[in-house]
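Subject: Structure handover

Hi,

Here is the structure for your work. Please open it next to this message. My notes follow below.

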Amino acid sequence: MIKITFPDQSVREYEAGITGLQIAESISPRLAQDVIACGVNGQTTELNRPINEDAEFVLYKWDDEEGKHAFWHTSAHLMAEAIQELYPGTQFGIGPAIENGFYYDIMPPEGVKISDVDFPVIEKKMQELVQRKEMLVKSNISKSDALKFFGDKGQTYKNELIAELEDGQITTYTQGNFTDLCKGPHLMSTAPIKAIKILSVAAAYWRGDEKRPMMTRMYGITFPKKKLLDEYLQKLEEAKKRDHRKIGKEMDLFFFSERVGKGLPMWLPKGTQLRLRLQDFLRKIQKKYGYQEVITPHIGGKSLYVTSGHYAHYGKDSFQPIHTPEEDEEYMLKPMNCPHHCEIYALHPRSYKELPLRIAEFGTVYRYEQSGELHGLTRVRSFTQDDAHIFCRPDQVKGEFLRVMDIISIIFKALDFKEFEAQISLRDPSNKEKYIGSDEVWEEAERAIIEACEEKGLNARKELGEAAFYGPKLDFMIKDAIGRRWQLGTIQVDYNLPERFKLEYTGSDNDKHRPVMIHRAPFGSMERFVAVLIEHTAGHFPLWLTPDQVIVLPISEKFNDYAQKVNAYLNANDVRSTVDERNEKIGRKIRDNEMKRIPYMLVVGEKEQAEGTVSVRKQGQGDQGSMKFEDFAKKINEEVRQMTENL
């Protein structure tokens with residue numbers, strides 16, 4: 001008999017060899033119909049896998065991330081099976097589940113190019129295969145047999161992967177006539193897959209290396225019900241409307257220039273206003289929380305990044321070193337701000353009485369992202385982090401975590417991010433050698449993070465083995481207005497850099513001690529945060545933040561002078577206003593400025609000029625009536641005051 005412990009800590013005994021599905025059936029036949037995978041001692045696995053020892057056990061349905069992962073991983077195999085039947089001779093690379101769906105990297109036979117016109121054919125073949133309700137059969141296979149099996153099929157990419165695996169740890173999954181190198185997890189069969197959509201096709205270098213062959217990457221998504229697919233496709237259409245690249249162009253916020261370079265955003269005046277306003281917002285908060293702002297260079301000596309470890313970690317992702325006429329003198333565009341901040345800390349001897357020392361910077365960093373990885377503002381080669389580094393004593397870590405969590409909470413509330421999740425990334429207790437720092441400091445840091453989350457009532461998910469090698473961390477993932485998840489805000493504990501830079505402080509015992517370093521970036525990067533904010537709000541920014549709060553629209557050129565008078569008064573009274581003096585009909589002006597998401601439009605003509613009024617239109621709500629322009633200025637300022645008084 002074995003003991004099975006459930007998430008509520010209840011325990012049941014079963015005979016060894018029982019499967020996850022049988023356990024579900026023992027609880028409820030209805031439950032057994034709904035579950036699609038299970039977790040055994042922290043590992044997601046198939047429902048038909050025998051359990052032969054005492055285990056922590058959990059059942060996963062479609063709504064669980066682990067369930068979706070198994071569902072979409074199986075679907076990737078299903079798509080590969082369909083492609084194998086349709087295009088014999090195709091070579092297969094990797095096919096993982098991703099956050100929304102799955103992809104498979106393939107190399108079609110010579111002369112075959114798969115495009116979107118082929119999607120219906122592939123979908124139809126996948127549906128045919130689903131009707132067979134093929135079981136997924138896992139097999140353990142020796143390295144030599146695996147190399148022969150995939151070699152006989154001409155699968156050179158699979159053999160490259162096998163060559164890197166250890167004998168005795170290689171598994172395959174077979175469904176019908178398709179066998180794939182894979183460690184799982186999967187569904188028991190393809191039967192639950194009811195709705196299928198191939199989403200897109202793209203080019204991707206094999207294993208992300210631009211020196212390797214270019215493969216075809218097929219993206220798809222599947223669901224257990226057609227209704228769920230319809231809802232997802234509707235969400236995709238909404239996402240297209242909210243695309244920050246499209247809205248950024250319509251609102252004149254930013255652009256990219258081939259001459260300037262790929263992945264190097266150019267901020268236009270209105271985008272710059274938006275970005276600076278966000279920075280000023282955070283600056284005010286940071287001042288209240290005791291941060292000191294610094295400015296460091298955009299480059300640094302190569303030895304700085306060798307000392308910090310960033311050269312070893314980011315060297316291949318960095319721009320090539322800058323050589324000077326001096327012999328052996330090399331500089332690099334900085335990939336991180338933290339080494340510079342370590343040098344600031346090390347400038348003077350420090351006492352325990354000075355800690356915590358909080359250093360903040362809106363520092364621009366540079367990383368050489370591959371061309372195929374670039375995407376608008378969310379993946380760029382130049383970005384500005386709202387970086388801060390807190391140097392503190394070990395006993396101060398929890399308090400500093402609580403303060404940073406307060407800052408992140410203020411930002412999320414101000415920008416209407418109502419739904420968010422948090423993840424505590426902890427050390428793998430069974431593999432401590434890959435982490436630096438003593439057990440004592442790790443336990444203290446992890447306990448501080450967990451207790452900080454508990455004090456804030458934050459139900460953070462704990463993930464063993466997800467900590468960085470230098471310390472545990474807390475990450476925040478927000479849900480935007482259409483339910484997509486974005487990672488924003490991170491707090492990381494670091495024992496590595498203080499050790500590498502030999503940072504010290506004199507303790508109350510007059511001995512030298514290493515400070516703990518906390519990395520903190522509530523926005524993450526200004527570029528990515530603005531992109532997320534645009535897509536969350538669809539460009540309808542809060543009134544206090546938006547670049548233009550008001551635009552004055554004269555009905556004809558005769559009223560341009562009056563429009564300018566109104567505009568001048570508004571600007572003099574802290575209302576951000578402009579005038580549209582184009583020689584266009586008023587309907588055209590209204591439509592064009594609706595596209596620019598300006599919150600208020602003030603239409604002025606003969607009647608308004610005579611009465612000293614403006615006709616007010618609100619974005620998305622139409623006509624709001626007339627009022628004195630002086631009263632309108634008071635109204636806007638009052639709206640902004642109410643929005644910001646608690647920020």
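Start at Phe92, which stands opposite Ile106 in β10. Please keep in mind that this is a predicted model.

**Around β10**

Phe92 belongs to strand β8, residues 91-92. β8 and β10 pair in the antiparallel sense, over 2 bridges. Strand β9 (residues 97-98) also has 2 bridges to β10, again antiparallel. There, Ile98 has Gly101 of β10 as its bridge partner. The link between β9 and β10 is a hairpin through 2 residues.

β10 also pairs with strand β15, residues 214-223. That pairing is antiparallel and has 5 bridges. Ile106 turns up here too: it stands opposite Thr216 in β15.

How many of the 7 residues of β10 are buried? The count is 6, so β10 (residues 101-107) is largely enclosed by the rest of the structure. Buried here means under 20% relative accessible area.

**The open sheet**

Next, a sheet of 5 strands. It is open, with mixed pairing, and the order is β2-β1-β7-β4-β5. β2 (11-14) and β5 (43-45) are the edge strands, each pairing on one side only. On average, neighbouring strands are turned by 35° against each other, direction ignored.

Which helix packs on this sheet? It is α1, residues 20-27. α1 touches β1 (2-5), β2, β4 and β7 (55-60). The direction of α1 makes about 75° with that of β7.

Val40 stands opposite Gln43 in β5.

**A helix pair**

Two packed helices are described by the angle between their axes and the distance between the axes. For helix α17 (residues 560-572) and helix α20 (residues 629-644), the angle is about 35° and the axes are 10 Å apart. The crossing of α17 past α20 is right-handed.

Which residues meet in this contact?

- From α17: Tyr562, Lys565, Val566, Tyr569 and Leu570.
- From α20: Phe629, Glu630, Phe632 and Ala633.

By class, the contact residues of α17 with α20 split into 7 nonpolar and 2 charged, with no polar ones.

Best regards

Note on methods
Residues are numbered from 1 along each chain as its sequence is written. This is a predicted model: local features need pLDDT of at least 70, side-chain atom pairs count only at pLDDT 80 or more; totals for chains, interfaces and linings use all residues. Side-chain values use heavy atoms; hydrogens and water are left out. Axes are lines fitted to C-alpha atoms, for helices over the stretch in contact, and angles run from 0 to 180 degrees between N-to-C directions. Helices (H or I, at least four residues) and strands (E, at least two) are DSSP runs, numbered from the N terminus. A crossing is left-handed if the near helix is turned anticlockwise from the far one by less than a right angle, and right-handed if clockwise. Contact means heavy atoms within 4.5 Å. Ala, Val, Leu, Ile, Met, Phe, Trp, Tyr, Cys and Pro count as nonpolar, Asp, Glu, Lys and Arg as charged, and the others, Gly among them, as polar. Two strands pair if DSSP finds at least two bridges between them. Buried means under 20% relative accessible area, exposed over 50%, partly exposed in between (1.4 Å probe, protein chains only).
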